[in-house]
Amino acid sequence: MLVSVCYDTHEGCRSLEKPGLNLMLNRHLANCLVDSIKEVRQQFESTDTWDLDLVFSSRTIREFDARFTTQMFGYNSVSEYYEAARLHGKIQDIKVATLALNAEDDPFQPGDSIPL
């Protein structure tokens, strides 16, 4: 069973950038991501792969992904990373019966972007 499935990472991120509660959630999650890297910053200070001050200034998930996640996993851009992370177009590869639950107003994946 999957809950709040992000079928399309591009659409999910756009949804989280909408003003209001979605953007507040986005900023909270970005702060949590930044804090998780701050806790282990010594593991990243020995390399020049990351500009940690820039990573720590990330205010949205997209900014964090652009400044940290893409470099961590070898992507050239956020767009390339989000494309690879999409479940959309890969659903047919799931070989086990799976129940996926999403709310119509889910900030991670709005109803109009769920493949039906």
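**The largest pocket**

The largest pocket is lined by Ser4, Cys6, Thr9, Gly12, Cys13, Leu16, Leu29, Ile61, Tyr82 and Phe108. Here a pocket is an open set of points on a 1 Å grid over the protein atoms alone, where a 1.4 Å probe fits, with protein on both sides within 12 Å along at least five of seven lines; lining residues have an atom within 4 Å of a point. Its volume is about 150 Å³, taken as the space filled by probe spheres set on the points, which are joined across faces, edges and corners.

Helix 1 (residues 9-16) contributes the most to this lining, with four residues. By class, the lining of the largest pocket has seven nonpolar, three polar and no charged residues (Ala, Val, Leu, Ile, Met, Phe, Trp, Tyr, Cys and Pro count as nonpolar, Asp, Glu, Lys and Arg as charged, and the others, Gly among them, as polar).

**Basis and overall fold**

The model is predicted: local features need pLDDT of at least 70, side-chain atom pairs count only at pLDDT 80 or more, and totals for chains, interfaces and linings use all residues. Residues are numbered from 1 along each chain as its sequence is written, and side-chain values use heavy atoms, with hydrogens and water left out.

The chain comprises five helices and two strands, in the order β-α-α-α-α-α-β from the N terminus. These elements are DSSP runs numbered from the N terminus (helices: H or I, at least four residues; strands: E, at least two). The C-alpha trace spans about 45 × 35 × 20 Å along its principal axes.

**Helix packing**

Helix 2 (residues 21-39) packs with helix 4 (residues 61-73) at an angle of about 30°, their axes 8 Å apart. Axes are lines fitted to C-alpha atoms, for helices over the stretch in contact, and angles run from 0 to 180 degrees between N-to-C directions. Helix 2 is therefore roughly parallel to helix 4 (angles under 35 degrees). Asn26, Leu29, Ala30, Leu33, Val34 and Ile37 of helix 2 make the contact with Ile61, Phe64 and Phe68 of helix 4 (heavy atoms within 4.5 Å). This contact has eight nonpolar, one polar and no charged residues.

Helix 1 and helix 5 (residues 78-85) pack at about 115°, with axes 8 Å apart. Thr9, His10 and Cys13 of helix 1 meet Ser79, Tyr82, Glu83 and Ala85 of helix 5.

**Aromatic pairs**

There are six aromatic pairs, with ring centres within 6.5 Å (for Trp, the six-membered ring). Trp50 and Phe68 form a stacked pair, 5.2 Å centre to centre with 25° between the planes (stacked: under 30 degrees). This pair links distant parts of the chain, 18 residues apart: Trp50 lies in the loop between helix 2 and helix 3 (52-56), and Phe68 in helix 4.

How values were computed
Angles under 35 degrees count as roughly parallel, over 145 as roughly antiparallel, 65 to 115 as roughly perpendicular and the rest as oblique. Rings of Phe, Tyr and Trp (its six-membered ring) pair if their centres lie within 6.5 Å; planes under 30 degrees apart count as stacked, over 60 as edge-to-face and the rest as tilted.
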